[in-house]
Structure formats: structure tokens, C-alpha cells
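Subject: Structure for your files

Dear colleague,

Here is the structure I said I would pass on. My notes on what was found in it follow below.

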Amino acid sequence: MTILVTGGAGFIGANFVLDWVAQTDETVINLDKLTYAGNLQTLESLKGSAQHQFVQGDINDGALLERLLAEHQPRAVINFAAESHVDRSIHGPEDFIQTNIVGTFRLLEAVRSYWAGLAADIQKQFRLLHVSTDEVYGSLEADAPAFTEQHAYAPNSPYSASKAASDHLVRSYHHTYGLPVLTTNCSNNYGPYHFPEKLIPLVIVNALAGKTLPVYGDGQQIRDWLYVKDHCSAIRRVLEAGELGEVYNVGGWNEKANLEIVERICALLDELQPRADGRAYREQISFVADRPGHDRRYAIDARKLERELGWKPAETFETGIRKTVEWYLANESWVKGVQSGSYRDWVAKQYGSNAG
């Protein structure tokens, strides 16, 4: 048996591929464009594995998708391929439109054609699982209930708007063509192999380098935090038993303000790798101008996933963030490998030269 994973060299996709190979005997065909956030070094342990075949390519390439589907006959497609950084979508939205909307359309068309040609019994077993985000739901007031699967879409950035569009396309292909789809909307992921432009890895990397720790605005933007391996286990469960056409929210039940996250990382680094001068890492915190349209609060209600499929996260935030910091401390070579000139240029552009 074989599955096709798109975006499988990115943060969440690569963690999913690593876990899949470790826990099953099924082959993974891994399609990734290898943009700045795609990193084959993350998949180094799979080099030479008969269970993993990497293909460099774009989900906008319909002919490539059709060839891979015909050649490998996967029983499922899991779509992680996406541009995902809100700040990048503000500075350059077109890439998000092309990958997240047009790319999802190309994938749906290729999968629809492939699925239509399958024998009836194989058709019934096939699944397309589309991985999305809680940001499609917009922003919550401090005392508002968490996002459920029935919450109206209200995206506030080019990134979240492009993901919302992709979700609607996936839904439409189920209702119009009968395509057997599943959608997951996850909260903020963190954990090993996270590209250091996002909050948690950026803070760890900058703290250890003696650089400033940039915090947007007052730092009170609230997010629900989900350990990436918990997210991967949720996707496996939805793929296994999810009801066709349904949406499942995946959350960590960990609402935290950004400033609290930064301070917790600083405290862990004080414990695990103290500064040479004996001072606290939190002294490196620097508040920077807030980004345009910054959503104030996200919160995921993941009770449907627990109630219907029996899934809940294994990690608390305390256990997950400790594992994450320990991983970055133990994997300095991976961090250095992703810190190319283009990465440093991006951080300087976004946060100011003192953060790059």
C-alpha cells in the first residue's frame, strides 16, 4: 500500500512522513517543491529507505500529479503543501494565491481524474485529506467560545484567505463530484524541525545567538498551541476513521499569550543552557511594532475529534515545549543548515536588523 504526501519536506509534513514510516510499513511518495521552508535535511534519516520516495515538484504541475498518481496508485493523498507564514503573505501575497488556491485546484483535478478511474471497491477505500488552519475562522474576542467546525469563515490575512479558499474548493469537490475528502483545521503547531521564522523556533535560535527576541505589539495575542507529533497522530486518526466530507478541528487545549510563550522559553533556556554572563534570557526581549491585521485570539474546540474518533493530544504545553527546546539544543547542525542568507535577510526585513 502507498500514500502520496504533498509538502512532505516542510515542518508538519516532514514530521508526518517520519512518524508514518516509523509506525507503518506503507510506502510514502513525498512531493515537495522545496521552497525556503522545505528541507530535505529533516528527512535525512530516511535516505535509502524503501518506504520513502522523494519527488521534487509543484502541486501546480498537473501533469506531474497525474503521472505520480497513475504510477504509484496511492490509497490516499494527504495535502500539506502550502505557503503558511502570515508575515510573508502580507509582503508577497501572490505566492499564497498560486500555491494555496490554484495548487489545491490542480491537485483536486488530478485526484478526481485518478479516483474516477479506480475500480469501485478501491474507490470506496480512497481518501484525500486536506490539512488546513484555524486562521480561516478569523479572530476571537477574549471571552468568546473557541472555534468549532460550524464557525463562520472570516479570514483576515492573505494567508488565511487563501487557505479558506482551498477549504471551500475541497468541500465543493465532495459535494459536486463525490470525491472522498476529509479536512482538518489545526491550531498553531510547534516542535522539532520548525523553520526559525515562526515564534517558538525564532525565540530559541535568537536567544542562543544573543540576539533580541522580537515580540509583536504588547505580546498578548493568544493562540492555541499544538505539539506537531500530536497533530500528526490526529491526521492519522482522521485518515483512518473520519467521516467523508467532514471537517475536524485539531487543537492542543493550550491557549497562551505570545509573551507568555517567549518568557517560558527563556526560563527553560535559563535552566538547560544558561547564558555565559549569568543573566536571564528574558532581558533580550524587545517589543516591536505590531503587524497589520494581527488577529488577537485563536482558540480551537477539538471536542468533535475526541467525541467521534477518540483522539486527544498526548502532550501538555509544558511537556511539549520542554521537548522542543531540548530538541533545538541537541540539533544545532540542523538549525545552522537552515540559516541561509535568505533566512537572515527575511528576519532583518520583518523585525529589524538587530534581530537578524
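A residue is called buried here when its relative accessible area is under 20%, exposed when that value is over 50%, and partly exposed in between. By that cut-off, buried residues account for 54% of the 356 residues in the protein chain. Please keep in mind that this is a predicted model.

Overall form

The protein chain contains 13 helices and 12 strands. Its radius of gyration is 20 Å, close to the 21 Å given by the globule rule for 356 residues, so the chain is as compact as a globular protein of that length. Along the principal axes, the C-alpha atoms fill a box of roughly 65 × 50 × 40 Å. Counting contacts between residues at least 6 apart in sequence, 81% join residues at least 24 apart.

In soluble globular proteins, nonpolar side chains tend to be buried together. The largest nonpolar core in this model has 33 residues, of which Ile3, Val5, Phe16, Ile78, Phe80, Leu129 and Leu305 touch the most other members. Two or more residues come from each of β1 (2-6), α1 (11-23), β4 (76-79), β5 (127-133), β6 (181-186), α8, β10 (247-250) and α10 (303-309). The most is given by α1, with eight residues. Apart from this core lies another, of 28 residues, which includes Val215, Leu269, Val325 and Val335.

Not counting residues up to four places away in sequence, Ile3 touches Phe16, Trp20, Glu26, Thr27, Val28, Ile29, Pro74, Arg75, Ala76 and Ile78.

Buried positions in helices

His231 sits in helix α8 (residues 228-241). Its relative accessibility is 0%, so His231 counts as buried. Beyond its neighbours within four places in sequence, His231 is in contact with Ile12, Val131, Cys186, Asn189, Leu226 and Val250.

Leu69 belongs to helix α2 and is also buried, because its relative accessibility is 1%. With neighbours within four places in sequence left aside, its contacts are Leu4, Pro74, Val77, Ala110, Val111 and Tyr114. Leu69 and Trp115 are 46 residues apart in sequence, while their C-alpha atoms are 9.3 Å apart in space.

Helix α7 is mostly covered, with eight of its 10 residues buried. These are Ile200, Pro201, Leu202, Val203, Ile204, Val205, Asn206 and Ala207.

An exposed helix position and a buried loop position

His175 lies in helix α6 (residues 158-177). Since its relative accessible area is 53%, His175 is exposed. The C-alpha atoms of His175 and Glu283 are separated by 54 Å, and the two residues are 108 apart along the chain.

Arg291 is in the loop between β12 (285-288) and α10. With a relative accessible area of 15%, Arg291 is buried. Its contacts, leaving aside neighbours within four places in sequence, are Val86, Asp87, Ile90, Tyr216 and Arg223. Between the C-alpha atoms of Arg291 and Ile261, which are 30 residues apart along the chain, the separation is 18 Å.

Backbone points to check by eye

Most residues other than glycine have a negative phi. Gln73, however, has a positive phi near 50°. Gln73 is found in the loop between α2 (62-72) and β4, and is partly exposed, with a relative accessible area of 45%. Tyr193 also has a positive phi, near 70°, and is located in the loop between β7 (188-190) and α7 (199-208). At the other end of that helix, just after α7, Gly210 takes a positive phi of about 75°.

Regards

Methods
Residues numbered from 1 in each chain as written. Predicted model: local features only at pLDDT ≥ 70, side-chain atom pairs only at ≥ 80, totals over all residues. Heavy atoms only, no water. Helix = DSSP H or I, 4+ residues; strand = E, 2+ residues; numbered from the N terminus. Rg over C-alpha atoms; globule rule 2.2 N^0.38 Å. Buried < 20%, exposed > 50% of the residue type's maximum accessible area, 1.4 Å probe, protein only. Contact = heavy atoms within 4.5 Å. Core = buried A, V, L, I, M, F, W, Y, C linked by side-chain atoms within 4.5 Å.
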